[in-house]
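Hi everyone, thanks for coming along.

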Amino acid sequence: MSDITELSKTKYCKGLQCPKILWLDHYKPEVGENLLSETVMENGNLVGDLARKYFGEYSLVDFSYDKSEMTARTNELIAAGAENIAEAAFLINGLYCAVDILHKDGDGWDIVEVKSSTHISDVYLDDMAFQYYVLKNCGVNVKKVYNLHLNGAYVRKDELDLKGLFIMEDCTGIAMEKYSAVEQAVARIRDYVSVTEEPERDIDLYCEKPYECGYKKYCGRHLPEHSVFDLAKIQKRTAYKHYHNGIISFEDLKANQKSIKLNDNQWRQIDSVLEDRPDEINKEKIAEFLSTLTFPLYHLDFETYQQAVPEFYGVRPYQQIPFQYSLHIEQEDGSLEHREFLAEAGTDPRRALAERLAEDIPMNVCSLAFNMSFEKGVIKRLAELYPDLSERLMNIHDNMHDLMVPFFRQDYYNNAMQGSYSIKYVLPALYPDDPELDYHSLEGVHNGTEASAAFAGLASHTPEEIEVIRNNLLKYCGLDTFAMVKVLRKLKESAAPGR
Ligand code: SF4
């Protein structure tokens, strides 16, 4: 087992968030969950590799489990007159850091911390302050501390422009200001983690920020089945305030109804759990919504992905790029036709998708999406990009209706929706245990995040693997629009006369 008091920059930042994370990482890692998405890590690696070229030629300190090997290699490179050193390693008194880029600055060095986000957050400042502290203690003449992060406003042209893609922000003043705070925090964290018996630590906002902690289930295992944290749309700060005031369960909330401010939907959620209320169905409102739809009706759903470093012309970092859609065309008698589009791996999917969409959905028909602001945003950006298709695309945009509306307004509500109007809750609430609508039974792709990751990595697979993944993507997206058909069917049934 490693020495728990040894701190890297990652461990230091975790320890600042909550030292118990480090204790559990060391003694009970099995009770945690890994909440870091692979896509986030891949983006970080991609951006990190690219940023190394920001200052031109560089030397890389290869990773080794033996930290002294890395620090020795760093010293060799410094002695040899290197101008830029990637992963420059420093170790002193059990404090270790590998600087993303150590950049020569006259008779000293600049620390350059690379981030794949488009802005600086407090945790990055702590990370940089830790590096400054370690290097100063190692006797390095640190001139500047920079954060090099992506520029959210950068729009890719034919060639990638590194100077445009990145923004370099000077954080030297803050790193220097935090010097003694780092020293105190290191001592505090070490004191906390040095005990072998599990320390007590109550849950609080630090379980959410700056990163959602993977031990939340473990540390919150005392919470009742329906707690204040399960209320739909409750702000974390408010939930923790009630929790620390001893108002934790739905029963507690109900007992304090006079002094607690919740919205109508949240009270309804509480009542439906405590009283096991029957479904609430406002037939008139549902009928009114249905009367706005015309047939044939085009149920539409897009899948999109994002690139930290834009590969295609006209794309910004993290812009949503549509690569797939599913379309169920429903006639008034309920008969269905299915159409779909899935871009080829490694291509810019936008033009081909926009052309097919404009062919598949005729002018002046009614289209339907669940939470249509997303679909509308995708269509609008495509219309702006391709003026020749703009009229057709904007016609789809302008004739779109939102299937979420009756659930958002709670015209149709049942207990299983748990106060939510997201399709993730609505669908199983309307069709519990329906194998036809079971996303868990799909192969490989079960949600939008997995779909994005599958498409983003598609080009790196063999042709056989690509076929399997494409098939999984088509099934997943197809189920999304089929689910919409079924949701609409349930609304029609509920509004039918005599029910
Ligand atoms: S869940 Fe909260 S209390 Fe538990 S380790 Fe994580 S941050 Fe600390």
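Let me start with a question: in which helix is the place of A175? The answer is α7, which covers residues 172-177. Before I go further, please keep in mind that this is a predicted model.

So, is A175 buried or exposed? A175 counts as buried, because it has 28 C-beta neighbours inside 10 Å, and the cut-off for buried is 20 or more. Which residues does A175 touch, if we leave out those up to four places away in sequence? They are M128, A129, Y132 and V145. Now look for P199 on your screens. A175 and P199 are 24 residues apart in sequence, and from C-alpha to C-alpha they are 31 Å apart in space.

Next, let's go to some strands. Strand β3 runs over residues 95-105. Nine of its eleven residues are buried, so β3 is largely enclosed by the rest of the structure. Who are its partners? Strand β2, residues 84-92, pairs with β3 in the antiparallel sense, over eight bridges.

Now for the open sheet. How many strands form it, and in what order? There are five, in the order β10-β9-β8-β11-β12, and the pairing is mixed. The edge strands are β10, residues 336-342, and β12, residues 400-402, and each of these pairs on one side only. From one strand to the next, the twist averages 25 degrees.

Let's zoom in on one end of that sheet. Strand β11, residues 366-369, runs parallel to β12, and three bridges join them. Here L368 stands opposite H401 in β12. There are helices to look at as well. Helix α20, residues 463-495, packs on the sheet and touches β8, β9, β10 and β11. Its direction makes about 45 degrees with that of β9. Helix α19, residues 448-456, lies across β8 and β9, and runs at about 60 degrees to β8.

Which element gives the largest share of the shell around the ligand? That is α2, with three residues. The elements that give two or more residues to this shell are α2 and α9, the latter being residues 216-219. Among the residues surrounding the ligand are C18, K20, I21, L24, R201 and Y215. By class, the shell has nine nonpolar, no polar and three charged residues.

Let's stay with α2 for a moment, residues 19-27. Its buried residues are K20, I21, L22, W23 and L24. What covers them includes α1, residues 9-17, and α8, residues 179-193.

Finally, a few backbone details. As background, most residues other than glycine have a negative phi, and most peptide bonds are trans. A cis peptide bond joins K209 and P210, with omega about 0 degrees, and P210 is found in the loop between α8 and α9. Another cis peptide bond joins F295 and P296, also with omega about 0 degrees. You can find P296 in the loop between α13 and β8.

Then there are two positive phi values. Y318, in the loop between β8 and β9, has a phi near 65 degrees. Y318 is partly exposed, with 17 other C-beta atoms within 10 Å. N364, in the loop between α14 and β11, has a phi near 65 degrees too. Is N364 buried or exposed? N364 counts as exposed, because 10 other C-beta atoms lie within 10 Å and the cut-off for exposed is 12 or fewer.

How values were computed
Residues numbered from 1 in each chain as written. Predicted model: local features only at pLDDT ≥ 70, side-chain atom pairs only at ≥ 80, totals over all residues. Helix = DSSP H or I, 4+ residues; strand = E, 2+ residues; numbered from the N terminus. Contact = placed C-beta atoms within 7 Å. Pairing = 2+ DSSP bridges. Axes fitted to C-alpha atoms, helices over the stretch in contact; angles between N-to-C directions. Near = placed C-beta within 6 Å. Nonpolar A, V, L, I, M, F, W, Y, C, P; charged D, E, K, R; others polar.
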